[in-house]
Amino acid sequence: MLFRSNCVNADYATILAGCNNKALCVNSAVLLGDCNIACGACAFVVGGSKNCASHTRSSILGGCSNLICGGFGRINTISGGYNNCITNGVTASSISSGNFNTITSSGSYSTYGAAIIGGSSNLLTGSSYAFLGSGIFNKICNAQSSFITGGFQNCICGAACSSILDRKSTRLNSSHVSES
């Protein structure tokens, strides 16, 4: 096992192997990889590079430049991918691969139990129990229990319990549906 320039700075924190890793909060851990940071209580990073898990009980499983941070979020997971982000008080949510995907809360709309399963540049904000299957540039905002299975530039905003199934440029909001 290779150890070089690692830093443990909290009780019960662990670094198993890797280079330039940091475990900075109680019970946090980094297991492999390089330049990873676990700085939330009971947070851990398993492999990858330049990942940071700062929410309590959150995990990043590989990938590169993934981030879980901000607000009072907890119990979130990013499983691989590149430059994915869970931020701003999100709880019990997950991004499973892909790149440039984001799950966040917005204003008075919290996000709990949401998921993005791959794709690129997708945004899920202020929408608990929402699901974004994959695709590119899809968005769900302030729309509880809604889902998009994939496609390109689809949007559900303010329309709870709504869905879009693999379409191109469909928008659902609380007042109307439009297609391009």
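Tyr-129 is exposed, at a relative accessible area of 53%. Here exposed means over 50% relative accessible area, buried means under 20%, and partly exposed lies in between, with a 1.4 Å probe and protein chains only. The model is predicted: local features need pLDDT of at least 70, side-chain atom pairs count only at pLDDT 80 or more, and totals for chains, interfaces and linings use all residues. Residues are numbered from 1 along each chain as its sequence is written, and side-chain values use heavy atoms, with hydrogens and water left out.

A search of the whole structure finds three aromatic pairs. Rings of Phe, Tyr and Trp (its six-membered ring) pair if their centres lie within 6.5 Å; planes under 30 degrees apart count as stacked, over 60 as edge-to-face, and the rest as tilted. One of the pairs joins Tyr-112 and Tyr-129. Their ring centres are 5.8 Å apart, the angle between the planes is 65°, and the pair is edge-to-face. Tyr-112 sits in the loop between strand 15 and strand 16, and Tyr-129 in the loop between strand 17 (123–125) and strand 18, so the pair ties together parts that are 17 residues apart in sequence. Strands (E, at least two residues) are DSSP runs, numbered from the N terminus. Tyr-112 counts as partly exposed, at 39% relative accessibility.

The rings of Phe-137 and Phe-152 also pair. Their centres are 6.2 Å apart and their planes stand at 80°, so this pair is edge-to-face. Phe-137 is in the loop between strand 18 and strand 19, Phe-152 is in strand 21 (residues 151–152), and the two are 15 residues apart. Phe-137 is partly exposed at 46% relative accessibility. Phe-152 is partly exposed too, with a relative accessible area of 31%.

Two strands pair if DSSP finds at least two bridges between them. Strand 16 (residues 115–116) and strand 18 (residues 131–132) run parallel and are joined by two bridges. In one of these strands, strand 18, Leu-132 is the bridge partner of Ile-116.

The structure holds one disulfide. A disulfide is a pair of cysteine sulfur atoms within 2.5 Å. Cys-141 and Cys-157 form the bond, with an S to S distance of 2.2 Å. The torsion about their S-S bond is about 125°, so the disulfide is right-handed. Cys-141 lies in strand 19 (residues 139–141) and Cys-157 in strand 22 (residues 155–157), so the pair ties together parts that are 16 residues apart in sequence. Both Cys-141 and Cys-157 are buried.

Cys-7 is in no disulfide. The nearest cysteine sulfur, that of Cys-39, is 12 Å away. Cys-7 is partly exposed, with a relative accessible area of 31%. Cys-85 is in no disulfide either, and the nearest cysteine sulfur, that of Cys-69, is 5.0 Å away. Cys-85 counts as buried at 17% relative accessibility. Cys-85 is in strand 13 (residues 85–87). The C-alpha atoms of Cys-85 and Phe-100 are separated by 7.3 Å, although the two residues are 15 apart along the chain. Contact means heavy atoms within 4.5 Å. Not counting residues up to four places away in sequence, Cys-85 touches Leu-67, Ile-78, Ile-95, Asn-101, Thr-102 and Ile-103.

The largest nonpolar core has 26 residues. Such a core is a set of buried Ala, Val, Leu, Ile, Met, Phe, Trp, Tyr and Cys residues joined through side-chain atoms within 4.5 Å. Ile-86, Ile-103, Leu-124, Ile-140 and Ile-156 touch the most other members. Beyond four places in sequence, the contacts of Ile-86 include Leu-67, Ile-78, Ile-95 and Ile-103.

Thr-104 is in strand 15 (residues 102–104). Thr-104 counts as buried, at 12% relative accessibility. The side chain of Thr-104 reaches the backbone oxygen of Thr-87 at 3.4 Å. Beyond four places in sequence, residues touched by Thr-104 include Thr-87, Asn-88, Val-90 and Leu-124.

Notes:
Helix = DSSP H or I, 4+ residues; strand = E, 2+ residues; numbered from the N terminus. Polar contact = N/O pair within 3.5 Å; in protein donor to acceptor, adjacent residues only side chain to side chain.
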